[in-house]
Amino acid sequence: MIPKIHKRGKRTIGLLYYLYGPGTHEEHVDPHLVASWDDNAPDPGRDPEATLQQLQRLLDQPVENVDPDARPDRHVWHLSVRNAPTDRILSDEEWADVARRMVAATGIDPDDGACRWAAVRHAEDHIHIVATLVREDGYKPNLDKDAARSQAEARLLEVELGLRHLNRGDGTAAQRPTSAERHKAARRGQDRTAREELREKVRHAAAGVTSDDEFFRRLSASGLLIRRRLAPSGDLLGYTVALPDDLNKDGEPVFYSGSKLAPDLSLPRIRQRWSASSTTMPTGPEEAVRTGPRAASGPSGARRRATEATWRAVLLIGDGSDGVGAAQIAAGGEVLDALAQTASVSSRQALREAAFAYERASRSHIRAEREHDRALRAAARDLVYSGPVLDHGEHGASSAMLIDMLFFFVAAAAAWHGKRLHAQQAAAAQQAAEHLRAAYEAVAGQPLSVLRQRGRRLAQPLLRKHTEDLRRAVPDLAERLLREPGWYALAATLAEVADAGHDPAPLLAEAAARRELDTAESISDVLVWRLRRLAGLPANPATRPSTSSAARRRPTPVSAERPRPGGGGRAGR
C-alpha cells in the first residue's frame, strides 16, 4: 500500500472536477464516494441529484467560517492511497476503512471537531482523499510529519488486509510513474513508462563518463531529444530529455529533467561521479579504447578486468567505512548499466532487469565518498567502449565470470544495506541478484558443459589425485563438492591449473577462503571461475594457454596485497 501526499492546492472544486472526471487519459472508471467526514456527504458520482458544487461548498464551509486573514493560503489537502498490482481488489467498505484510518493517522480527522474530508474511488486499486485545512472548531489541524504517519499506517493496514508488505522508504527512491503515465504505456503496449525508459537510457549514458560533452554525446547517440538549461552567463546548469515518440495531447514531446527521473541523475549529481576520479581514468572514447579492452583481448579482457575490480569492491563493502561502501555500491550500478548495454542476446534482458532493479539499491542517505570508486567506474567505462559481445567462446565465458562475481557483489550490497536498516535498498539488491542468476544461467551453460564433459573423461588416476587435492585444500567442503553436478567441471579446471604449472591444492584453498561461498547455489561453479582467474586461465575452456603465458598472467594473491579504498591493489575471488 502506497500513500502519497500531493502538493496542497487553492481550489477544492478543481480537484473534485479531476477526481470525478474521466482522467487525463480516460482512465477513471465509475468515480464515487466511499467515505466522508460524517458519512453523509453528497456523492455526485452515483446520486443524480448531487453536484460537485454541493460537495465543494460543504468541504469548504469551515474555511469560509473563519476570518479571511486566518485562512490558509493553500487550504486543499490531497492524499492518494494505492495498492500494489499484485494485491487483491478491496471492496468499497474496505477502502472506506482505509480512508478513515488514514485521516485519523495523519491528523486530518483524529477527534471531534476535525477537518472535513471525502474519499473518492475511480479505479480498482486506489482512492483519493480530499480535505480542507480548517477544523470544524476553527483551528488548523496538526499535520506535522503527516507523510511519515501515513506510511506507518499503511504498514499496519497491509498486515491487517493481507496485502503485499512494502518496505519503509528513506526518501531516496526515484519518483514513481503516475497513473496517467502507466495507462499511457499500457495503451501503447509497452511494459515500461516513458519515465522508466528515460531513466534507463540516462543511466546507461552516465556509466563511466568523465565529462559533460561525453555524457551529452552518449545521450544523443541513444536517440533521445535533449534540451540544455543554461545560465545567463552561458554556463550549463541542467538538462531535460524526451523520447521522440512520447507526445502530449498537443503533439509535443514530453520532457523530463534528470532529477525527475532519479535523485542521482541531475547534472550536478552526475558531475560528482567524475569530479574525484577523472584524473585517474581515460577522458575520452579514443583513449578508453587505446588503453583498454581493444588493446588487450577486446570485450573479454574488459570483462576480466571488471571482474577483478568488482571483487575488490566486494572486499571494500565489507571492510571499508560507510562512505567507502556507499561509493562502491553506487559505482556498481554503473558496471551493471554498462554490462546490460553491451550484453549478448541471451543474457541482455535479464541483465537489463538486474540493472533496473539494482538502481534502487545504489542510493541511500549515506554520502558516497566518490574518490574511492575509481576502479569500478573505470571498469564500467572499459565495458562500454569494448563493445557488445557474442553468446559463445571467450566472450560468453568471460561474461559468465563477471556475472558470477556481480552476483556476490549485489549480495554484499544487500547485506550492507540490511545492517543499516535500508529495507528498500536491501530488497532491491536481492531482486537484482535473482535477475543476475537468470543471466548467469543463460551464458554459463556452454563453458561449464564443456568442462564437465572434460572432467568425466579424465583418467581415473588423475581424477583420484584431484579428489585428494580437494580433500586436502577444503576438507570441510569436500564431500559437498563431490556430490555437486559441477564437481567434474571443477576437476577439469584443477587439471588445467596443474598443466599451467601451479599446485592445485594451495590455489584451491586460496580460492575457497575468499568469502561469500555460503550464498552460492553451486560452490563448484564459483570455484571454477575463481581458479581460472587466479591461475590466469582463459574463461573459455576451449582455449588452452601455454604454461608460461598462464603463469605470467596470474594475478597477485590477495594475501600479498590488500585492496585500498581508492581502488588500488590486486585481488581475485
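Biologist: How do you know that β3 and β5 pair?

Modeller: In this predicted model, seven bridges join β3 to β5, residues 126-132, and the two strands run antiparallel. Pairing asks for at least two bridges between two strands, so β3 and β5 count as paired. Within this pairing, Trp-77 has Ala-131 of β5 as its bridge partner.

Biologist: What makes β1 and β3 a pair?

Modeller: Strand β1, residues 2-5, is joined to β3 over four bridges in the antiparallel sense, and because at least two bridges are required, this too is a pair. Here Lys-4 stands opposite Ser-80 of β3.

Biologist: Where do these strands stand in the order of the sheet?

Modeller: The sheet is open and has five strands in the order β1-β3-β5-β4-β2, with antiparallel pairing. Its edge strands are β1 and β2, the latter spanning residues 32-36, and each of these pairs on one side only. On average, neighbouring strands of this sheet are turned by 25° against each other, if direction is ignored.

Biologist: Why is β3 called mostly covered?

Modeller: A residue is buried when its relative accessible area is under 20%, and seven of the seven residues of β3, residues 76-82, are buried, so the strand is called mostly covered. In a regular strand the side chains alternate between the two faces of the sheet. For β3, Val-76, His-78, Ser-80 and Arg-82 lie on one side, with Trp-77, Leu-79 and Val-81 on the other, and all of them are buried, so both faces are covered.

Biologist: Which strands does helix α2 lie across?

Modeller: Helix α2, residues 52-64, lies across β4, residues 117-121, and β5, and runs at about 35° to β5.

Biologist: Which residues meet where α6 and α7 pack?

Modeller: From α6, Val-202, His-204, Ala-205 and Ala-206 meet Phe-215, Arg-218 and Leu-219 of α7. By class, this contact has five nonpolar, one polar and one charged residues.

Key: Residues numbered from 1 in each chain as written. Predicted model: local features only at pLDDT ≥ 70, side-chain atom pairs only at ≥ 80, totals over all residues. Heavy atoms only, no water. Buried < 20%, exposed > 50% of the residue type's maximum accessible area, 1.4 Å probe, protein only. Axes fitted to C-alpha atoms, helices over the stretch in contact; angles between N-to-C directions. Contact = heavy atoms within 4.5 Å. Nonpolar A, V, L, I, M, F, W, Y, C, P; charged D, E, K, R; others polar.
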